[in-house]
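Here are my notes on this one, as promised. Have a look at the model first, then read on.

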Amino acid sequence: MAFSLDKGEISDGSVRWIDHASGQRLALTHLDASLALPSFDGPARLDLTGQVNGKALKVNGTLGAFASFLAGDPAPTDLALTLDASSIGFKGTFGTAPLAAKGALTANVKDPAALAAVFGQAAPDLPKGLGRDTITAKGDVTLGADGAMQLRGGNLTLDDNALSVAGDLSFAKGKPRIDAQIDAGALDLSALAGASGATGSGEASSGSGSGTSGWSNAPIDATGLRALDGKIVLDASSIDFGTAKLGPTKAQITIENGRAVADLRQVSAYGGSVTGQVVANARSGFSASADLVAKGVSMQPLLSDLADYTRLDAKADLAVKLLASGNSQAALVRSLSGSGDVAFGKGALEGLDLVGMLRTLDLNYVGEGAKTIFDQITASFTIANGVLSNDYLELKAPLLSAAGKGLVDIGAQSLDYTVTPTALSKADGTGGVKVPLSITGPWAKPKFGLDMKALSGDKVDAAKQDLKAKADAEIAKKLGITPQDGQSTEDAAKQKLKEEAAKGLLKLFK
């Protein structure tokens, strides 16, 4: 039966809906609405204002073919809806038998948790950077009868993270599943670290000076991993995870029943590259694992971000397998297990001058300004319960070699390690005197000790003479001088400086 309506109005109306099974209540109050349908086959116009459970609501919409829509067929649709501070707009076609829509969608959701609460629903507790405060979306959408949605040419903003997205959303297993290709700029996911930096109430200090710092005990909330399933291919210019920072990244992330697997296909990090797999599992508590291979990674900024440790300045190649479980950063670190191999190229160990210490047998060659320059370090290690054990370390330097072994308690941020440097006294770079050096205490401020029992008086003198001769030879080579018989390197250097100064004065008078 065809009909028309010049104008229908509702003033200060109300509608209440109660779901007795769930207890959900929906109240539409202070309702003012007008509906115009000049022709049954023509367009219909709806304008509505009111409140939904106390939050302001505004709806403006047009159906281009009312009769077709009433029959369930797709009809031209232009809809704008505002609820509290959030809004959604759609322009395209919409039908009800079956439910289907296709067109351009815009959405701006402020405080998703509060918006969900308006309808008596609990929103996923997403961390900052994944839509906790703001979600905006724009793109071409297709909605199917089963609630599935396709997005093409999409622009999505999650808090401050901007993404270009093409993806599909479905509800086959009763919860959202996302399959998407995401291109992003700089992503800030630092909230995933679960730590905010204050001490006292279970959170860690910076740990840069006193050596009394600890890992954060702030709970890690990984419930967001259980909110959805999916497979996401990600291409980002950079990612900040809070405890680590990545450069250009290509990865595939698979989420299934609260377990996320990131396959790192191409990752730039700290001047090098990383490949491998990282897993975050929130199915029962929280656990994480990594199986990674890194090439040419700058260790000083990496260790500074991960462990607030800045004494090692070198590029490294390493392979590690790690596993940890716990609901805080501290628990994860103290449960850490795994193994690895590492090789450092030319670099420096800051805070310790092994050459000066061995040459003088003086422990004062530590602290700010002291450093050991090396050509290469190779090592292998295992980790159990947050304690790294190293039975093999080899250091090669211009004036000495060194071997090391001991423990690094990552959970307690402390050291119990012994380095045995050897003075290179022979022409082939072998031989010399060995002096064991112990390194103990907090890694931010370690203590050093020499095992003097390992040396006799003659060996002490030999060590000093051998290293002094090597040092003098290096200085002479750099300055281009050759000491005469009986002349010290220092005297030869002074003589050369006087000669150069005299030459300079003569040039002034020419």
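1. Helices (H or I, at least four residues) and strands (E, at least two) are DSSP runs, numbered from the N terminus. On that basis the chain has 7 helices and 26 strands. Bear in mind that this is a predicted model, where local features need pLDDT of at least 70, side-chain atom pairs count only at pLDDT 80 or more, and totals for chains, interfaces and linings use all residues. Residues are numbered from 1 along each chain as its sequence is written, and side-chain values use heavy atoms, with hydrogens and water left out.

2. Start with strand 2 (residues 25–37) and strand 3 (residues 44–52): they run antiparallel, joined by 7 bridges (strands pair if DSSP finds at least two bridges between them). A hairpin of 6 residues links the two. Within the pair, threonine 29 sits opposite glutamine 51 of strand 3.

3. Glutamine 51 also has a bridge partner in strand 4, alanine 56. Strand 3 and strand 4 (residues 55–63) are antiparallel too, over 9 bridges. Their hairpin has 2 residues between the strands, and asparagine 53 there takes a positive phi near 50 degrees.
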